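Subject: Structure handover

Hello,

Here is the structure for you to look over. My notes follow below it.

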Amino acid sequence: MKNKVVIVTGASSGIGLATAREFAARGSKVVLAARREDLLKELENDFMSRGYEALAVKTDVTVIEDCENLIDKTIEKFGKIDILVNNAGISMRALFIDVDIQVLRRLMEVNFWGTVYCTKFALPYLIKAKGTLVGVSSVAGFHGLPGRSGYSASKFAMHGFMETLRIENLKNGLHVMVLSAGFTKSEIRKKALTEDGSEQGYTPRIEEKMMMPEQVAKSMIRAIKKKKRVKILTLEGQLIALLQRIVPGIVDRGAYNELAKEPDSPFK
Ligand code: NDP
């Protein structure tokens, strides 16, 4: 990974931040993209003070011009792009019957359209570098999760998009990978949108029992080196991806029962 130029969206927190750190520690030049500019600047300074090469670019992935600017700034500073990690993402927690439709629109804008916009501008450079395009996903991209209709829809859409790009670029050396993380300690559940679009503000699960974002980042880098097509990080995720093709009804009931156990679950 030495001297690779790596863009990570959603680099101000959780999996994205850990990914940027792991790449930087291996000698990559990292571009940190997210909306919180002050935090990104602090992170850029922190990276530089450790001797890493880093560039912070304030980016709202739902804004096309921001995504174009992210790629332009990267090329201006580093001259190429080897890896784009489409990681920026948000979640939700509400039944579809109750939810404000704008919540689903927002989920699609960040998780799906954000991936599309950043990829659109980065793709010519990624192809030139015979690089890697990554989409950070979830088991929700393999099987619907109750209370997360917009989240599942956005990750399913991302899977279809990434798969198509893989096939379109089969002959030019571009590596396209979907990485499916399991429950990982981060801010995602606190920031998840509820039925009226407000943030949930707390996590209904025990974060300390989850995978750490650093583990996800290390596995991602290993999977990139091995040019994996799809990397599902947990055994539970691997089982769900397999069983949903063979016994989908059982997976439906398992997903229902598991998520109904959460405190304040919108269904029982
Ligand atoms: P966090 O909430 O900790 O991080 C989300 C990141 O996305 C933040 O850096 C946030 O930065 C950024 N972000 C949110 N909205 C935007 C936007 N409009 N434009 C640019 N950046 C944005 O969550 P995670 O680290 O958990 O999530 C990262 C990815 O991992 C997501 O795609 C998620 O779906 C996936 N994932 C997470 C799992 C988990 O259990 N944590 C499980 C499976 C998948 P800022 O607010 O500064 O913009």
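The notes go from the overall fold to the ligand, then to the cavity.

This is a predicted model, in which local features need pLDDT of at least 70, side-chain atom pairs count only at pLDDT 80 or more, and totals for chains, interfaces and linings use all residues. Residues are numbered from 1 along each chain as its sequence is written, and side-chain values use heavy atoms, with hydrogens and water left out.

Overall fold. The chain has eight helices and seven strands. These are DSSP runs, numbered from the N terminus: helices are H or I with at least four residues, strands are E with at least two. The radius of gyration, over C-alpha atoms, is 18 Å. That agrees with a compact globule of 268 residues, which would have a value near 18 Å. The globule rule is 2.2 Å times the number of residues to the power 0.38. The C-alpha atoms fill a box of roughly 55 × 40 × 35 Å along the principal axes.

Ligand. The shell around the ligand holds 32 residues, counting any with a heavy atom within 4 Å. The closest are Ser 12, Ser 13, Arg 35, Tyr 151 and Ser 186. By class, the shell has twelve nonpolar, 13 polar and seven charged residues. Nonpolar means Ala, Val, Leu, Ile, Met, Phe, Trp, Tyr, Cys and Pro; charged means Asp, Glu, Lys and Arg; the others, Gly among them, are polar.

- Tyr 151: a side-chain N or O atom is 2.6 Å from a ligand oxygen.
- Ser 186: a side-chain N or O atom is 2.6 Å from a ligand oxygen.
- Ile 15: a backbone N or O atom is 2.8 Å from a ligand oxygen.

Taken alone, the ligand exposes 880 Å², and the protein buries 96% of that (Shrake-Rupley, 1.4 Å probe). Elements giving two or more residues to the shell are α1 (14–25), α4 (101–128), β5 (132–138) and α5 (149–168). β5 gives the most, with three.

What volume does the largest cavity have? About 40 Å³, as the space filled by probe spheres set on grid points joined across faces, edges and corners. A cavity is a set of points, on a 1 Å grid over the protein atoms alone, where a 1.4 Å probe fits but cannot get out. The lining, meaning residues with an atom within 4 Å of a point, includes Thr 9, Val 61 and Asn 86. α4 gives the most to this lining, with four residues.

Best wishes

Technical notes
A polar contact is a pair of N or O atoms within 3.5 Å; within protein, one must be able to donate a hydrogen and the other to accept it, and residues adjacent in sequence count only if both atoms are side-chain atoms. On a 1 Å grid over the protein atoms alone, a cavity is a set of points where a 1.4 Å probe fits but cannot get out, and a pocket is an open set with protein on both sides within 12 Å along at least five of seven lines; lining residues have an atom within 4 Å of a point.
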